[in-house]
Amino acid sequence: MTEVDVRLIEPVLFRFAVRATRDPEVARDLTQDALLAAVAQAPQFACRSSLKTWVLGILVHKVQDHFRARQMEPLEGDEDPALLDTASAADVDRVVMARQELDRVKVALGLLPVRERLALLLTDVEGLDRDEVCSVLVVTPTHLRTLLHRGRNRLRRILERD
Amino acid sequence: MNAIDRLCRGVRPHFSDHADGLPLPAVAAVTVGLHLLFCPMCRRTYASVRASRDALRALGAADEPVNPG
């Protein structure tokens, strides 16, 4: 794992960690821990998955360890990065509405049980294929299907309730 | 639990795969398709599954800038 690999993958990991923990400070620490572990374990990386999937797997374990150790549900922080460049008033309205919807989804994600949240983040947000997600979460395809079904339903109920 | 409830419970675990376009076992594919035609509750549940998935994909597509520091 080279310095270039780290530079490329670090923002991906950090964004995932922020979405999983809702806490940028914790996310920063977990990202660093995952990268250090990846560098240390690099000789064991067997190229059976992509580098991104492999390091995401390490990060997922760090996130789960974090919640397990703290025995807490994630806090609700709020980062607010610019979504798009805007050109007109109509564009501004559209962008504001899109940002509000994305913020609602992020908050709702933070309310899900950790395993469902991680399954949705890996499958729907990061776009990993099902086999990769099963390998990262160490679950069977049937269990993943259940996590996705419950998570998506629960997410929708939270969004509709607000 | 009546027969309709049993049918609903039987098809709902397949909704995520169906929504993602993954192949279902042949019998399940037919059962899910037919059930969605006739069961308004399951149609709503299926629409919820799809809406959640679409919202999450939009989150991934937004690809917000990050600064890990």
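With which residue does B:Arg57 form a salt bridge?

1. Basis. This is a predicted model, in which local features need pLDDT of at least 70 and side-chain atom pairs count only at pLDDT 80 or more, while totals for chains, interfaces and linings use all residues. Residues are numbered from 1 along each chain as its sequence is written, chains are lettered from A and ligands numbered from 1 in the order in which they are written, and side-chain values use heavy atoms, with hydrogens and water left out.

2. Interface. Chain B brings 27 residues and chain A 25 residues to the contact (heavy atoms within 4.5 Å). The buried area, meaning the accessible area (1.4 Å probe) that two parts lose on being put together, summed over both, is about 2500 Å², and carbon and sulfur atoms give 59% of that area.

3. Salt bridges across the interface. Four salt bridges are found between chain B and chain A (a side-chain nitrogen of Lys or Arg within 4 Å of a carboxyl oxygen of Asp or Glu). In one of these, B:Asp20 pairs with A:Arg130, with the closest N and O atoms 2.7 Å apart. Helix 2 (15-19) and helix 4 (40-62) of chain B are the elements giving two or more residues to the side of chain B that touches chain A; helices here are DSSP runs (H or I) of at least four residues, numbered from the N terminus. Helix 4 of chain B gives the most, with 13 residues.

4. Cores. A nonpolar core is a set of buried Ala, Val, Leu, Ile, Met, Phe, Trp, Tyr and Cys residues joined through side-chain atoms within 4.5 Å, where buried means under 20% relative accessible area, exposed over 50% and partly exposed in between (1.4 Å probe, protein chains only). The largest such core has 51 residues, and those with the most contacts inside it include A:Phe16 and A:Leu59. A second, separate core of twelve residues includes B:Cys8 and B:Cys42.

5. Pairs within chain A. A:Arg152 and A:Asp124 meet in a salt bridge at 2.8 Å, N to O. A:Arg152 lies in helix 7 and A:Asp124 in helix 5 of chain A, 28 residues apart. A:Arg152 is buried at 0% relative accessibility, as is A:Asp124 at 4%.

6. The opening question. The partner of B:Arg57 is B:Asp20, the closest N and O atoms being 3.9 Å apart. B:Arg57 lies in helix 4 of chain B and B:Asp20 in the loop between helix 2 and helix 3 (26-38), so the pair ties together parts 37 residues apart in sequence. Salt bridges that share partners join residues including A:Arg130, A:Arg152, B:Asp20 and B:Arg57 into one network.
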